[in-house]
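Below is a short note for a colleague who is coming to this structure for the first time. Please read the points with the sequence and the model side by side.

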Amino acid sequence: QVQVVESGGGSVQPGGSLTLSCAASGFLFDYYTIGWFRQAPGKEREGVSCISSSTGSSSDGSTYYADSVKGRFAISRDNAKHTVHLQMNSLKPEDTAVYYCAADPWTLGECTVRGQDYDYWGQGTQVTVSS
């Protein structure tokens, strides 16, 4: 049974930090690109970051960040623990959203945040940045 479960959300003041975690099971984790998406109330879903699969190619572990989070967020993966982390620093009120983790079995090489490529999605975790 495939499971993708996010954790680590919460409330934080502007300038603060949070680390989101994504725990996956039921599929060959190493071979999947993992992405983070977010959706704020009344807005479309946005691709935040992704990290490529580990298949022995030169692009293993390559990352992508949306311009809105570049320099503030960092994604990493621990294949042994089937987990991906999203370290979020210097949080802003506009980062407030439900954050989703998703797994993409199709993309080889550089990862992307095209939502249609992601087959497995978590239920989401709320991040609220407010003073």
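1. A place to begin is His82, which sits in the loop between strand 7 (73-78) and strand 8 (83-88), where strands (E, at least two residues) and helices (H or I, at least four) are DSSP runs numbered from the N terminus. Although His82 is not a glycine, its phi is positive, at about 50°. His82 counts as partly exposed, because its relative accessibility is 28%; buried here means under 20% relative accessible area, exposed means over 50%, and partly exposed lies in between, with a 1.4 Å probe and protein chains only.

2. On the basis of the values: this is a predicted model, in which local features need pLDDT of at least 70 and side-chain atom pairs count only at pLDDT 80 or more, while totals for chains, interfaces and linings use all residues. Residues are numbered from 1 along each chain as its sequence is written, and side-chain values use heavy atoms, with hydrogens and water left out.

3. Most residues other than glycine have a negative phi. Ser90 belongs to the loop between strand 8 and strand 9, and its relative accessibility of 41% is why Ser90 counts as partly exposed.

4. Which strands make up the open sheet, and in what order? Four strands form it in the order 1-3-8-7, with antiparallel pairing, and two strands are taken to pair if DSSP finds at least two bridges between them. Strand 1 (3-7) and strand 7 stand at the edges with a single partner strand each, so one side of each is left without a neighbour in the sheet. From one strand to the next the twist averages 15°, with axes that are lines fitted to C-alpha atoms (for helices, over the stretch in contact) and angles that run from 0 to 180 degrees between N-to-C directions.

5. Within this sheet, strand 3 and strand 8 are joined in the antiparallel sense over six bridges. Ser21 has His85 in strand 8 as its bridge partner.

6. The count of disulfides comes to two, a disulfide being a pair of cysteine sulfur atoms within 2.5 Å. Cys22 and Cys101 form a disulfide with their sulfur atoms 2.0 Å apart, and this link is left-handed, with -75° about the S-S bond. The pair links distant parts of the chain, as Cys22 lies in strand 3 (residues 18-25) and Cys101 in strand 9 (residues 97-104), 79 residues apart. Are these two cysteines, Cys22 and Cys101, buried or exposed? Both Cys22 and Cys101 are buried.

7. A disulfide also joins Cys50 to Cys111, at 2.1 Å from S to S. Because Cys50 lies in strand 5 (residues 46-51) and Cys111 in the loop between strand 9 and strand 10 (120-121), the pair ties together parts that are 61 residues apart in sequence. The torsion about the S-S bond of Cys50 and Cys111 is about 85°, so this disulfide is right-handed. Cys50 is buried at a relative accessible area of 0%, and Cys111 is buried at 8%. With bonded cysteines counted along the chain, the disulfides follow the pattern 1-3, 2-4.

8. Finally, Ser11 is in strand 2 (residues 10-12), and Ser11 is exposed, with a relative accessible area of 65%. Ser11 and Gly47 are 36 residues apart in sequence, and their C-alpha atoms are 21 Å apart in space.
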